[in-house]
Structure formats: structure tokens, C-alpha cells
Amino acid sequence: MKPGIIQRIFNDHYESYRQSRRMSPREEYAANAIMTCRTKALGYHINACPNGDYVDVVANSCGHRACPQCGATDTQLWLERQKAKALNCRYFQVVFTISHDLHPSGVLTANYSPI
Ligand SMILES: [Zn+2]
């Protein structure tokens with residue numbers, strides 16, 4: 001998918017969608033972030049070396065986790081970090097939430113068994 005295609009879809013259709021639906025403030029905020037990401041609405045910053053050999057004007061990103069332009073990079077970086085941590089054998093990971101009452105007492109203990 002080309003970068004910015006979701007932004008273009010939002011810019012073209014969000015307003016009519018919003019008028020036909022009740023949007024929560026979080027949804028409005030996310031949509032606005034996606035529509036303005038890397039546009040003049042968020043301003044620009046300059047990357048430059050002190051001696052002037054390199055100057056690059058870069059549009060500011062929204063940084064919203066739902067933004068495909070910002071979040072996609074973070075997601076890919078996270079995925080690469082997780083792959084680097086993966087063990088070189090068959091295993092599975094179980095993640096679940098337990099009550100805080102069970103944390104300090106040691107009532108729950110891990111029981112590992114090989115596959
Ligand atoms: Zn963004």
C-alpha cells in the first residue's frame with residue numbers, strides 16, 4: 001500500500017462519514033491526526049549539519065498510534081525487536097492477566113514443561 005493512501009481516503013470521505021455517525025472524541029482525534037500527518041498543518045522541522053553541507057526540511061508527523069504513516073514504522077520496528085528476541089526452537093508464549101492479590105504472595109507459580 002502506498003504511503004498516504006489512507007490519509008487520502010480520510011480526506012476524501014471522513015467529513016461525510018462523520019456527519020452520518022456519532023464519533024467519540026478519541027475517534028475524532030485519531031481521524032484528525034491521520035488527515036494532518038506530514039502536512040503543513042503540523043508544521044515542519046529542519047535537519048541540518050552545523051557547517052551547512054546538509055539541510056533537509058521535513059514535515060512533522062502526528063505520532064498517533066492509529067496513523068498508518070507513523071504507526072506502521074513503529075509496528076515494523078517493534079516486530080523486528082520481537083523477532084530478535086525469539087528463541088531458536090519451538091515454543092509458545094502465554095500472556096494473561098491475574099489479580100494483583102496473587103502477585104506478592106507467590107500463590108501463582110510458573111510451571112514450565114518442554115514441548
Ligand atoms: Zn502520523
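## Residue N47 and strand β1

N47 touches D56 and V58, leaving aside residues up to four places away in sequence. The residue sits in strand β1, which covers residues 44-48. This is a predicted model, and the contacts of N47 described here are computed from it.

N47 and V57 are ten residues apart in sequence, yet their C-alpha atoms are 6.4 Å apart in space. Is N47 buried or exposed? N47 has 9 other C-beta atoms within 10 Å. A residue counts as exposed when that number is 12 or fewer, so N47 is exposed.

## Overall layout

The protein chain has three helices and two strands. Along the sequence these elements follow the pattern α-α-β-β-α.

Buried residues account for 7% of the 115 residues in the protein chain. Among the contacts between residues at least 6 apart in sequence, 47% join residues at least 24 apart.

## Packing of α1 and α2

Two packed helices are described by the angle between their axes and by the distance between the axes. Helix α1 spans residues 5-20 and helix α2 spans residues 25-36; the two pack at an angle of about 120 degrees, with axes 8 Å apart. The crossing of α1 and α2 is left-handed.

Which residues make the contact? From α1 come I6, Q7, F10, N11 and Y14, and from α2 come A31, I34 and M35. By class, the contact of α1 with α2 has six nonpolar residues, two polar ones and no charged ones.

## Helix α2 and the residue after it

Helix α2 has twelve residues, which at 1.5 Å a residue should span 16 Å. The buried residues of α2 are A33, I34 and T36. What covers these buried residues includes α1, and I34 is also one of the residues in the contact between α1 and α2.

R38 follows α2 and lies in the loop between α2 and β1. Most residues other than glycine have a negative phi. R38 is not a glycine, but its phi is positive, at about 55 degrees. With 18 other C-beta atoms within 10 Å, R38 is partly exposed, because a residue needs 20 or more to count as buried and 12 or fewer to count as exposed.

## Helix α3

Helix α3 covers residues 68-85, 18 residues in total. How far does α3 reach from its first C-alpha to its last? The distance is 25 Å, close to the 26 Å expected at 1.5 Å a residue.

The number of buried residues among the 18 of α3 is zero, so this helix lies largely in the open. In α2, by contrast, A33, I34 and T36 are buried.

Terms used: Residues are numbered from 1 along each chain as its sequence is written. This is a predicted model: local features need pLDDT of at least 70, side-chain atom pairs count only at pLDDT 80 or more; totals for chains, interfaces and linings use all residues. Axes are lines fitted to C-alpha atoms, for helices over the stretch in contact, and angles run from 0 to 180 degrees between N-to-C directions. Helices (H or I, at least four residues) and strands (E, at least two) are DSSP runs, numbered from the N terminus. A crossing is left-handed if the near helix is turned anticlockwise from the far one by less than a right angle, and right-handed if clockwise. Two residues are in contact if their C-beta atoms, placed from the backbone, lie within 7 Å. Ala, Val, Leu, Ile, Met, Phe, Trp, Tyr, Cys and Pro count as nonpolar, Asp, Glu, Lys and Arg as charged, and the others, Gly among them, as polar. The expected span of a helix is 1.5 Å times one less than its number of residues.
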